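Trainee: I want to check the labels on this model one by one. Can we set each value against its cut-off?

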Amino acid sequence: MSTLAHTMMTSARSADSGLTGPGEIDRYPYAEAPAVDRVGIPAWEGADPELGRAGRRATGSRGRGLHGQLVQQLGQMIVSGDLGADRPLVPEEIGQRFEVSRTVVRESLRVLEAKGLVSARPNVGTRVRPVSDWNLLDPDIIEWRAFGPQRDDQRRELSELRWTIEPLAARLAAGHGREDVQQRLSDMVGIMGHSLGQGDVLTFSRADAEFHSLLIQVAGNRMLEHLSGIVSAALQVSGGPVTGCDRPNEASLAHHARIADALAAGDGAGAETAMRQLLTVHPEVERVVPAPREH
């Protein structure tokens, strides 16, 4: 039975699937997704002190404690324009504002400097750098842009980039017939089918993310593999324009299954075509890859 046939049966009869019951799905090996605060970031001046306290705010700290939460706060504020290049970032002011130690502030600014968001120079201080200097491929910056004023540009750019990366990765991956990888891809499709039948969007999304990440990693191109984090970030911030990965449904499941079947058969062209079909937006919205823009 093909992966497509198996998964369509899975979604229709989730309780009778070859997978174990819902209790087993609950133990799917992923860490809980971070509870990222999507509330608009307050301006530097006049913000509610309670909202400014990094230790109390529910941000996407990614398990890095106060340091990670402050990076998240400052990063979001820089990307949203609430912190600009008009004045230096004074560590003492930041420490007082967010009620954290100078060490936490220093470590956080160092991380932001590595991402290209700020620069620290003697006699000048720490200042926000122009967008052209930002590491726009950094997953954190992708997330901050996707939920800030630049959300439309960020999501369009991500969609265009995925159209460049993933069809090529799918074609190349067909030449790497590792049984363990193929089995894992099929497992992900099976889990997606089961979770679709259960209405479990979170599990569907996790399996979806692993499917795409694994496919890129087995393409045999280390530069493409380096970009796998971009695809993961794109899946996490999906939405507008909408691709087949953004809305768990039978069509998305079927395209994933066709990709897995093509890879199992060593059909690079088929895998590439199926991936392009998956990344095609729904008919009610604009195509993911628009016509070339005039400059």
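Trainee: Why is Glu 157 called partly exposed?

Mentor: Its relative accessibility is 30%. Partly exposed lies between the buried limit, under 20%, and the exposed limit, over 50%. So Glu 157 counts as partly exposed. Keep in mind that this is a predicted model.

Trainee: What makes the contact of Arg 145 and Glu 157 a salt bridge?

Mentor: Their side chains come to 3.1 Å, N to O. The cut-off is within 4 Å, so the pair qualifies. Arg 145 sits in helix H7 (residues 139–146) and Glu 157 in helix H8, 12 residues apart. The pair links distant parts of the chain.

Trainee: Is Arg 145 buried or exposed?

Mentor: Buried. Its relative accessible area is 5%, and buried means under 20%.

Trainee: Which residues are linked with Arg 145 in a network of salt bridges?

Mentor: Asp 153, Arg 156, Glu 157 and Glu 160.

Trainee: Why are Glu 160 and Arg 156 separated by about one helical turn?

Mentor: Because they are four residues apart in helix H8. As for Arg 156, a relative accessible area of 21% makes it partly exposed, since buried requires a value under 20%.

Trainee: How many salt bridges does the structure hold?

Mentor: It holds 13. One of them joins Asp 133 to Arg 129, with the closest N and O atoms 3.6 Å apart.

Trainee: What accessibility class do Asp 133 and Arg 129 fall into?

Mentor: Asp 133 has 33% relative accessibility and counts as partly exposed. Arg 129, at 28%, also counts as partly exposed. Both values fall between the limits of 20% and 50%.

Trainee: Now the strands. How do you know that S1 and S2 pair?

Mentor: Count the bridges. Four of them join strand S1 (residues 118–121) to strand S2 (residues 125–128). Pairing needs at least two, so the strands pair. They run antiparallel, and Ala 120 stands opposite Thr 126 in S2.

Trainee: What lies between the two strands of the hairpin?

Mentor: Three residues. Asn 123 in the turn has a positive phi of about 65 degrees.

Trainee: Why is Thr 126 called buried?

Mentor: Its relative accessible area is 12%, and the limit is under 20%. So Thr 126 is buried. Beyond its neighbours within four places in sequence, Thr 126 is in contact with residues including Pro 88, Leu 89 and Leu 109.

Trainee: And helices H8 and H10: how is their packing described?

Mentor: Two packed helices are described by the angle and the distance between their axes. The axes of H8 (residues 151–173) and H10 (residues 201–217) come within 8 Å and cross at roughly 65 degrees. The crossing is left-handed.

Trainee: Which residues of H8 and H10 meet?

Mentor: From H8, they are Arg 162, Ile 165, Glu 166, Ala 169, Ala 170 and Ala 173. From H10, they are His 212, Leu 215 and Ile 216. The contact divides into six nonpolar, one polar and two charged residues.

Trainee: How much of the whole protein counts as buried?

Mentor: Of its 295 residues, 46%. The protein has 14 helices and two strands.

Conventions
Residues numbered from 1 in each chain as written. Predicted model: local features only at pLDDT ≥ 70, side-chain atom pairs only at ≥ 80, totals over all residues. Heavy atoms only, no water. Axes fitted to C-alpha atoms, helices over the stretch in contact; angles between N-to-C directions. Left-handed = near helix turned anticlockwise from the far one by under 90°. Contact = heavy atoms within 4.5 Å. Nonpolar A, V, L, I, M, F, W, Y, C, P; charged D, E, K, R; others polar. Buried < 20%, exposed > 50% of the residue type's maximum accessible area, 1.4 Å probe, protein only.
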